[in-house]
Amino acid sequence: MALFTLKDYQLRALDALEGFFRRLNIVGREAAWAEAMAARHGAAPLPAYDARTMGDTPAVCVRLPTGGGKTTLAAHAVARVGHACLGTQAPVALWLVPSTTILVQTLAALRIPGNPCHEGLAEHFGDRVRVCALDELATVGPHELGASAIVVVATIQSFNVKETRQRNVYSVDEALAPHFQNLAPQQTARLEKVSAADLDKQPYLTLQDIGRVKSSLANWLALHRPLVIVDEAHNNRTQQAFETLNRLAPACLVELTATPVKGSNVVFHVGAQELQREDMIKLPIVLMEHPTGWQEAVRDAILTRARLERLAEQHEVDYLRPVLLFQAQPKGGGEATVEALLAHLTSADGEKLPRHEIAVATGDQKELDGVQIGSPLCPIRYVVTVEALKEGWDCPFAYVLCSLQNVHSAKDVEQLLGRVLRMPYARPRKADALNKAYAHVVSDHTARVADELTDRLVNNMGFDAYEAVQAIVSAQMPLPGTTDPAVDDGPLFATATSTPRVPDAIVSLPVMPSQPLPPELVGCIELRPTTAGASAIVRGEITEAVEAFLLSGCTAKQQTAVTESIQRERLRQSATLAPSALGVPFAPLLQLGLEWDGEWQRLDRRLCAELGDFDLFAEPVALAAFAVVERGHAFEIGVEGGHVTLTVKEAEQLYLNDVPGQITEHELVRWLDRECRQVDLAQPVMLRWLLAVVLHLQRDRGLSLTALVRSRYPLAEALRRDIERRRQNAVVKGFQQALPGLVARAAGSARSPETPRNGFTFHPDRYAGRPPFYAGRYRFSKHYYGNDRIHDLRERTEIGKQLGEEFLCARAIDMERRVRHWVRNVERDERFSFWLPTATGYFYPDFVAELIDGRVMVIEYKGGQLATNDDSRHKAQIGEHWAAQTGGLFLMAVSAEKDPQGREVAQQIADRIEVA
């Protein structure tokens with residue numbers, strides 16, 4: 001069993017990868033991509049697949065912010081993508097990393113038992129896996145291919161060269177010669193041959209060798225068409241890098257990065273807020289600026305760390321020793337150098353810290369090398385560095401960053417900031433202060449540090465703009481007594497979000513405006529000259545009039561930067577004033593369920609399937625949608641109305657021609673069981689049903705066992721779909737039986753500690769919304785998570801076209817005087833969104849509003865022809881049933897043209913509140 005349980009977003013990322021590649025082999029790349037984008041974006045305009053870099057090779061990207069566990073996810077992806085794309089339980093994978101340091105770290109992570117990355121491989125392959133560096137590849141024997149997974153870890157620089165003679169990986173290696181014997185012509189066609197130019201580099205080659213296949217590392221990889229995983233992929237998107245990858249003839253490419261660049265086919269995107277929801281990172285980052293001197297920053301940072309350690313000792317069961325990272329100034333860059341800082345930390349006139357608790361990690365001093373800093377025996381509490389710490393250094397105990405460099409010029413600050421984000425043990429801490437990260441920064445221009453750090457979160461660490469402004473919380477002076485580590489209660493800092501006041505906005509201007517302030521803006525804007533132009537301090541909301549004045553003195557080129565600054569400040573204001581940020585609770589919502597086995601249970605798909613007597617043998621054994629027609633060396637296989645062509649190239653990857661003996665029916669059934677295993681079906685039942693299907697296909701359909709074996713992957717796909725069809729039939733039957741007895745009870749929400757134990761509510765830190773968020777000109781004032789954090793809402797249907805119907809509904813809700821706040825509900829997230837059961841799955845209403853009087857109103861908007869279809873009628877039925885059971889309000893809102901009384905949406909909402 002794996003020691004590390006994958007988080008929900010990691011499972012969904014793997015499902016997205018596996019689903020795309022599985023569907024690619026059935027419906028083709030473009031259709032598979034369209035399906036993946038529709039699942040991710042819903043009805044939004046879908047981004048097209050970009051094939052310019054890798055051509056016919058399918059290439060997709062997973063975007064994970066810093067701290068998201070990319071390496072662990074990639075370890076699981078080797079098996080799941082290899083299976084879905086290559087159709088094998090023993091893939092060859094090439095894992096490319098950005099540097100030699102990361103190479104060493106990745107090899108260790110994949111090899112050492114107990115490491116989550118090693119467990120990720122072991123969970124799927126057991127001991128049938130070899131992890132090796134390039135120079136170890138010669139130890140892999142031909143007999144291991146197809147029997148064990150082979151994971152080759154290398155740097156992209158090992159291959160990345162225009163002229164292949166300049167890298168040893170392209171040179172002949174006789175130790176690999178056994179792998180190149182008895183190759184078919186179609187295999188050798190894609191491999192590099194010995195040329196006359198190679199004779200100069202490798203003198204042992206002769207004229208007779210010219211034209212023969214090179215037994216090189218690169219050719220070995222190209223021969224086996226590897227699954228390629230690229231870590232930190234944004235660093236390797238040059239034309240030469242893609243030419244290099246194509247030279248290795250990969251079967252598919254999976255990129256992992258926090259900051260994908262243009263042209264990346266992002267099949268799955270995780271936001272930083274989701275990482276926080278899953279307790280992977282600490283947020284927010286509490287920022288304290290120190291304009292008076294670096295000694296003050298050092299002192300307060302030490303007190304912050306000491307307070308955190310005391311809280312850990314008092315409240316945490318897990319061993320936790322908070323670590324403070326100091327970023328000293330480089331020599332010649334100021335007085336707070338490593339030597340000066342170390343002397344200050346250890347001297348009697350300074351902080352009097354024990355020297356053995358301090359590690360210096362610079363180019364000359366490597367006191368962290370070989371240190372297990374997470375061990376209870378390790379005394380280190382302080383780390384002093386200048387630039388970035390050693391690549392790959394990972395210590396979730398790091399809690400506090402103290403940067404003594406000017407943050408505006410400290411190019412490594414985001415790397416150090418990333419060190420303090422990771423949450424120890426990936427679990428929430430009991431003391432709330434230990435769920436946050438802390439940054440003490442020396443700054444000679446206050447209020448700009450937050451902007452600098454925000455930019456770094458967005459540009460280098462994978463945060464979106466709204467997440468970044470929420471992530472940085474400026475701290476005021478420490479509250480009296482709270483800097484004393486002996487104090488056990490009270491907040492560590494007073495933060496700028498403590499009061500529901502519109503925070504001041506500070507906008508940097510390239511020039512001081514020449515025109516005087518308009519009378520209506522006097523008191524709203526204060527202008528202060530700076531060496532770079534001016535700073536405008538805006539007190540209150542940045543209105544359009546304020547924005548127009550701030551832009552009035554700028555050139556067209558300068559306006560771009562000022563507009564970005566204004567937008568960032570608006571995001572900051574919105575994030576600060578959102579009801580969720582202020583800690584305002586959202587009213588709990590009751591759910592629908594049944595009395596089942598003596599207790600009330602929420603009606604979900606599992607319960608519906610049980611009520612509907614889900615049984616594989618409830619219907620006769622048949623697989624009508626599956627057919628095999630052999631045509632020469634290819635198979636055309638029909639699956640659920642689609643088809644896939646299994647070409648010679650694809651069949652070659654299955655290594656079926658090399659399998660000795662005859663695969664029996666029972667062997668095929670056991671293989672199908674592994675492919676189709678279901679958590680709600682006992683294995684003996686599954687095996688018996690699969691055997692019945694295999695016998696049926698042979699005896700009643702006339703298909704040979706050989707044909708079934710050769711087409712086993714599409715066969716498994718057809719079986720999975722048939723199982724799901726049978727389950728869905730049971731769900732529909734169970735739902736219809738349950739509907740008359742549905743009653744309202746409060747469903748538990750154990751993942752949200754602030755939520756009442758017996759109720760679902762929208763948690764302040766658990767919004768399931770995914771970027772891109774709403775970016776229209778209308779400013780919503782009541783959205784629970786802020787104006788700039790509204791999921792899948794577009795002001796206009798197209799640029800310059802009419803206002804979107806769902807936008808009009810949202811605006812009507814926002815303007816309704818009896819609404820306290822509302823949420824744009826997120827579809828397909830049953831943990832953090834409100835849903836109601838239906839016969840076909842879950843119904844996620846578009847909007848949920850809490851009224852001033854405490855009632856909850858659920859609104860589903862249907863426009864056009866959707867207003868009267870069967871799906872809308874079913875949703876209206878279950879919505880009204882929920883309202884009758886709970887005392888809430890339900891409205892199926894429609895356009896005025898579809899409303900029998902011709903009412904606009906705002907009037908429909910008002911009337912529904914009034915009538916109730």
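The lining of the largest cavity divides by class into 3 nonpolar, 3 polar and 5 charged residues, where Ala, Val, Leu, Ile, Met, Phe, Trp, Tyr, Cys and Pro count as nonpolar, Asp, Glu, Lys and Arg as charged, and the others, Gly among them, as polar. The model is predicted, with local features needing pLDDT of at least 70 and side-chain atom pairs pLDDT 80 or more, while totals for chains, interfaces and linings use all residues. Residues are numbered from 1 along each chain as its sequence is written, and side-chain values use heavy atoms, with hydrogens and water left out.

A cavity is here a set of points, on a 1 Å grid over the protein atoms alone, where a 1.4 Å probe fits but cannot get out, and lining residues have an atom within 4 Å of a point. Grid points are joined across faces, edges and corners, and a volume is the space filled by probe spheres set on the points. By this rule there are 4 cavities of 30 Å³ or more, and the largest cavity has a volume of about 70 Å³. Its lining includes Gly271, Gln273, Glu274, Arg277, Glu467 and Arg789. Helix α10 (residues 272-277) gives the most to this lining, with 3 residues; helices (H or I, at least four residues) and strands (E, at least two) are DSSP runs, numbered from the N terminus.

Two helix pairs are set out below, with axes as lines fitted to C-alpha atoms over the stretch in contact and angles running from 0 to 180 degrees between N-to-C directions.

| Helix pair | Angle | Axes |
|---|---|---|
| α16 (residues 544-552) and α17 (residues 556-577) | about 150° | 10 Å apart |
| α1 (residues 8-27) and α3 (residues 70-86) | roughly 20° | within 8 Å |

The angle makes α1 roughly parallel to α3, a term for angles under 35 degrees, whereas those over 145 count as roughly antiparallel. The residues of the contact of α1 with α3, contact meaning heavy atoms within 4.5 Å, divide into 10 nonpolar, 3 polar and 4 charged. The contact of α16 with α17 is made by Glu544, Glu547, Leu550 and Leu551 of α16 together with Gln559, Val562, Thr563, Ile566 and Arg570 of α17, and by class it has 4 nonpolar, 2 polar and 3 charged residues.

Turning to the backbone, most residues other than glycine have a negative phi, and most peptide bonds are trans. The peptide bond from Leu283 to Pro284 is cis, with omega near 0°, and Pro284 is placed in the loop between α10 and β8 (285-290). Asn182, in the loop between β4 (149-155) and α6 (185-188), has a positive phi, near 55°.

Conventions
On a 1 Å grid over the protein atoms alone, a cavity is a set of points where a 1.4 Å probe fits but cannot get out, and a pocket is an open set with protein on both sides within 12 Å along at least five of seven lines; lining residues have an atom within 4 Å of a point. Angles under 35 degrees count as roughly parallel, over 145 as roughly antiparallel, 65 to 115 as roughly perpendicular and the rest as oblique.
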